[in-house]
Amino acid sequence: MEAASSSDSHSGEGESEIGSTCKSCCAMLEVPWVRCAVCRPPLDLCSRCFCFGVEFGQHESDHAYTVVKFDFPLYEASWSAAEEIQLLEAVQEYGLGNWSAISGRMRTKSPEECEGHYFRCYIDNPAQPLPEFPSPENNTRSAPVIFKLSDNPPRPAENSTLWSEMGGYSAARSDFNEEYENFIELEISDMDFNEDHTDDEDELDAAELFGSKAHEREEMTNLMRDELDAAELFGSKAHEREEMTNLMRDLKLAVIDVYRNCLLERQRRKKIVRDYGLINIRKLQVIFKSHYSHNLSFDFFRPFMRLFPPMTFDKYLESLLYEKRLRTEISRLLEYRKNGITKLRSVKHFHTMRQRRENMKSQRHLLTQVLNHVNDELSCQAWLARRGVIENSSKTPVLPPLAAPRKPPPRLNIEGLPGYERLNQLEREFCSETRLVPEAYLDFSKILISECDKIGSLRLAQARTLIKIDVNKTRKLFDFLVLHGQITKSS
């Protein structure tokens with residue numbers, strides 16, 4: 001949203017005064033409030049509705065606005081315009097002379113200050129006009145125009161990296177060195193639509209035909225027959241010539257239509273480049289990353305530019321960013337609610353207690369170790385052995401502490417994985433315990449079974465050369481296949 005200016009008190013048609021209500025929530029307007037500079041008549045919003053970005057009617061949240069406030073002095077530097085209005089309202093309500101009640105209404109001025117200011121400005125000097133704000137004077141004196149070469153868009157050297165990124169754009173000509181379909185003009189450069197031409201070869205053939213017929217008039221019937229044949233011949237040639245002429249004209253018009261569509265596409269591409277500022281792509285990337293780098297991806301949303309006008313695309317990105325912030329805020333509130341927090345004033349205490357709890361967890365002590373090992377008998381015995389070694393280290397030689405036995409890895413959940421339906425119940429249990437996916441089990445077992453069928457038997461060393469996986473898993477797979485009779489173990 002763009003702030004047009006910070007406006008003081010202006011009077012005019014359609015403008016709200018103190019005591020008016022907000023056009024959105026109908027609450028009483030309090031200084032300062034916000035006035036839309038685009039809507040006509042001017043539309044006033046309270047600060048709460050302005051912060052929430054309310055939209056209704058023709059008003060949109062991105063309209064320019066002015067801030068209406070009365071913090072400037074009118075008559076004396078120590079009295080603002082808002083205090084002047086409050087003083088006049090208090091005098092009208094409590095009456096002239098009741099300065100104690102008026103001072104209580106003012107809250108910022110003593111009774112003596114209220115009385116002295118009122119008499120000085122409104123009784124002793126009642127004709128004093130309101131102050132006039134000076135208007136800026138236009139400088140009509142001529143001044144030299146200083147030329148400075150602009151860097152936006154930049155003017156890189158030809159064939160440089162930046163020149164390639166700009167698509168060969170020439171800032172001096174405000175155009176591209178290579179257009180879309182750059183050589184399409186060559187297709188229409190030799191095109192001619194002049195149809196006033198004659199076929200000289202056809203005329204010469206016709207003259208020879210008539211000349212030969214004039215000397216061969218042996219019989220009247222032959223002459224009449226030849227004349228009819230000649231008329232039909234020339235009529236068919238004229239019809240074919242006309243069809244060919246119409247076909248060439250349609251073909252040329254089709255080429256012209258293709259050229260026109262090419263010009264429209266050039267104009268469309270240039271409009272997109274101009275409206276979105278794609279000439280200086282590096283500057284656009286810097287602006288985008290400064291606003292959305294931590295939340296949105298520029299490369300992901302760049303193809304959507306051609307679907308929206310520039311302002312609509314900016315609103316779309318702002319809406320996505322606002323949605324992400326709302327989701328983050330909602331998840332944070334859900335976390336508070338899950339922990340029993342129902343009031344915002346308890347959030348600070350909650351964070352303090354959680355930080356204290358995390359600090360206590362990070363501090364390891366004997367009771368913590370006992371509680372960690374009390375549920376595991378083997379771990380508890382190993383811990384007690386270590387503690388005994390540490391306590392008796394001063395009296396007896398130092399012995400290496402017993403290492404805690406390794407815990408078996410958790411079972412792998414293979415349900416729904418590829419190949420799960422092709423396994424029986426025993427194979428599913430084996431794959432889950434050995435943490436082997438079903439598809440890999442099927443491939444490895446197929447390799448071992450086929451090799452066993454070729455040579456008659458199989459050894460563990462051969463199995464390890466055939467499948468390149470963990471040696472322990474290879475041994476378990478080999479034993480499982482031998483146990484169920486799918487392969488034969490070499491003696």
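**Exercise 1. Determine how α2 passes α3 and which residues make the contact.**

Solution. α2 passes α3 in a right-handed crossing. The model used here and in the exercises below is a predicted one.

Step 1: take the geometry. The axes of α2 and helix α3, which covers residues 99–106, come within 9 Å and cross at roughly 140 degrees. That angle makes α2 oblique to α3.

Step 2: list the residues. From α2 come Glu83, Gln86, Leu87, Glu89, Ala90, Val91, Glu93 and Tyr94, and they meet Trp99, Ala101, Ile102, Arg105 and Met106 of α3.

Step 3: sort them by class. The contact of α2 with α3 has 8 nonpolar, 1 polar and 4 charged residues.

**Exercise 2. Describe how α2 is placed against α4, and name the residues that meet.**

Solution. Two packed helices are described by the angle between their axes and the distance between the axes.

Step 1: find both values. Helix α2 (residues 81–94) and helix α4 (residues 111–123) have axes that come within 12 Å and cross at roughly 100 degrees.

Step 2: classify the angle. Angles of 65 to 115 degrees count as roughly perpendicular, and α2 and α4 are therefore roughly perpendicular to each other.

Step 3: name the residues. In α2 they are Glu84, Leu87, Leu88 and Val91; in α4 they are Cys114, His117, Tyr118 and Tyr122. The contact of α2 with α4 divides into 6 nonpolar residues, 1 polar and 1 charged.

**Exercise 3. Work out the packing of α15 on α17.**

Solution. Step 1: locate the helices. α15 spans residues 438–455 and α17 spans residues 471–483.

Step 1: The crossing of α15 and α17 is right-handed.

Step 2: identify the contact. α15 contributes Tyr441, Phe444, Ser445 and Leu448, while α17 contributes Leu477, Phe480 and Leu481. By class, the contact of α15 with α17 holds 6 nonpolar residues, 1 polar and no charged.

**Exercise 4. Characterise the largest pocket by its volume and its lining.**

Solution. Step 1: state the volume. The largest pocket has a volume of about 1,100 Å³.

Step 1: count the lining. The largest pocket is lined by 31 residues, and those nearest its centre are Tyr292, Met311, Asp314, Lys315 and Glu318.

Step 2: trace the lining to helices. At least two residues each are supplied by α1 (47–52), α7 (220–276), α8 (281–292) and α10 (310–338). The largest share, 10 residues, comes from α10.

Step 3: divide the lining by class. It has 14 nonpolar, 7 polar and 10 charged residues.

**Exercise 5. Find what sets apart the backbone at Cys26 and between Arg40 and Pro41.**

Solution. Most residues other than glycine have a negative phi, and most peptide bonds are trans.

Step 1: examine Cys26. Its phi is near 60 degrees, a positive value in a residue other than glycine. Cys26 sits in the loop between β1 (3–5) and β2.

Step 2: examine the bond. Arg40 and Pro41 are joined by a cis peptide bond, with omega about 0 degrees. Pro41 lies in the loop between β2 (33–36) and β3 (43–45).

Key
Residues are numbered from 1 along each chain as its sequence is written. This is a predicted model: local features need pLDDT of at least 70, side-chain atom pairs count only at pLDDT 80 or more; totals for chains, interfaces and linings use all residues. Side-chain values use heavy atoms; hydrogens and water are left out. On a 1 Å grid over the protein atoms alone, a cavity is a set of points where a 1.4 Å probe fits but cannot get out, and a pocket is an open set with protein on both sides within 12 Å along at least five of seven lines; lining residues have an atom within 4 Å of a point. Grid points are joined across faces, edges and corners, and a volume is the space filled by probe spheres set on the points. Helices (H or I, at least four residues) and strands (E, at least two) are DSSP runs, numbered from the N terminus. Ala, Val, Leu, Ile, Met, Phe, Trp, Tyr, Cys and Pro count as nonpolar, Asp, Glu, Lys and Arg as charged, and the others, Gly among them, as polar. Axes are lines fitted to C-alpha atoms, for helices over the stretch in contact, and angles run from 0 to 180 degrees between N-to-C directions. Angles under 35 degrees count as roughly parallel, over 145 as roughly antiparallel, 65 to 115 as roughly perpendicular and the rest as oblique. Contact means heavy atoms within 4.5 Å. A crossing is left-handed if the near helix is turned anticlockwise from the far one by less than a right angle, and right-handed if clockwise.
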